[in-house]
Amino acid sequence: MRVSLFKLTFPHGLHISPHELSLDDSSFAIPADTLFSALLSAWVRRGMEAMAWLDPFLGGKPPFLITSAFPYSEKGLSFPKPFHLRLFGEWRHAEFLPETAFYRLCKGDSQGLEEGTPEEFWKIEQIPRVSLDRFTNRSNLFFVGRVHFRPGCGLWFGVAWLQPEERCQDLPFREAFMLALRELAATGLGGDRCVGYGQFEFELLDEVDWPDPAPGGCGVLLSRLWPKEEEIPALRDSLAWRFVEVGGWAETPAGHVRRKRVRLVKEGSVVPAGVQGGLADLTPPGFAAHRIWRYGYAFLYPLEVGHGA
């Protein structure tokens, strides 16, 4: 499959809440479902129709798939460490593998993965903020978590183009995607955008050909997965997987709405290649303005089973 790799740099930092009650903390990666929702919101802000973007995904024929946004440094890209992999020493609790090590592992070569040391090229700072009571003018001190990347570092994500020339309103989907990405770069993503957090600069890093998972094989998840009901039995054949529960608020034209909670399969899980995923309907009871959807398509990098475990 043809994959476009995009590199993002955040000059003012980034705030992505790991869960609803974590204002003073921040994730240093952006899940694919969060990125997809942000792109859709950016598309709508340009005066476009949301359903023109969503219809092919709801029909099970997505024009593109996206990975989550993972860290990169001047040494290369970082990939999620597959959950079946058991390493020792300093790599035991590492969340990511260097690009070259990840590719070797997926081809069945697990030798030398523990060479070198894991490197974190980001830090999470707690920035003090003050709010004032509108009636009493009393101040309230609180802290906001901000991710700051080392110069020359940031996040990357991949886009696999399945049907890039399919129309999205009046544009091919590739052009529609780039329009939304430019809008999102200017307005920012994540929390506390009013002070510049989440604004980014992007560039097309590379166009690469990644292998498709073989039928009957398995792959490492590079996005979070929402399996459809009929796909759940196939997940029993997974080599390793973990769940994360996602909730929070949805930003809609009708205001902020608390969406329903859902469990997604995490990046780094090793699941069968036949699991596709889809969009989860998280519309809360009583909200009738429109449906609220959460992206959950699987982006898999093929793994040769039986090696590296």
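**Notebook: salt bridges, a helix pair and positive phi**

I searched the whole structure and found 15 salt bridges, a salt bridge being a side-chain nitrogen of Lys or Arg within 4 Å of a carboxyl oxygen of Asp or Glu. The model is predicted: local features need pLDDT of at least 70 and side-chain atom pairs count only at pLDDT 80 or more, while totals for chains, interfaces and linings use all residues. Residues are numbered from 1 along each chain as its sequence is written, and side-chain values use heavy atoms, with hydrogens and water left out.

**Entry 1. Glu183**

I looked up the pair Arg45 and Glu183, whose side chains form a salt bridge at 3.5 Å, N to O. Arg45 belongs to helix α1 (residues 32-45) and Glu183 to helix α4, so the pair ties together parts 138 residues apart in sequence. Helices are DSSP runs of H or I with at least four residues, strands are runs of E with at least two, and both are numbered from the N terminus.

Arg46 also forms a salt bridge with Glu183, with the closest N and O atoms 3.9 Å apart. Arg46 sits in the loop between α1 and α2, so this pair ties α4 to a part 137 residues apart in sequence.

I then checked accessibility (buried is under 20% relative accessible area, exposed over 50%, partly exposed in between; 1.4 Å probe, protein chains only). Glu183 is buried at 16%, whereas Arg45 is partly exposed at 39% and Arg46 is partly exposed at 42%.

**Entry 2. Arg174 and Glu207**

I noted a salt bridge between Arg174 and Glu207, with the closest N and O atoms 3.8 Å apart. Arg174 lies in α4 and Glu207 in strand β11 (residues 201-209). Both residues belong to a salt-bridge network that links Arg2, Arg174, Glu207 and Asp209.

**Entry 3. α2 against α4**

I recorded an angle of about 125° between α2 (residues 50-58) and α4 (residues 173-187), with axes 12 Å apart. Axes are lines fitted to C-alpha atoms, for helices over the stretch in contact, and angles run from 0 to 180 degrees between N-to-C directions. In α2, Ala52, Trp53, Pro56 and Phe57 meet Phe173, Ala176, Phe177 and Ala180 of α4, contact being heavy atoms within 4.5 Å.

**Entry 4. Positive phi**

I found a phi near 65° at Asn137, which is not a glycine. Asn137 lies in the loop between β6 (122-132) and β7 (139-149) and is exposed at 57%. Gln169, also not a glycine, has a positive phi of about 60°. Gln169 is in the loop between β9 (167-168) and β10 (171-172) and is partly exposed at 31%.
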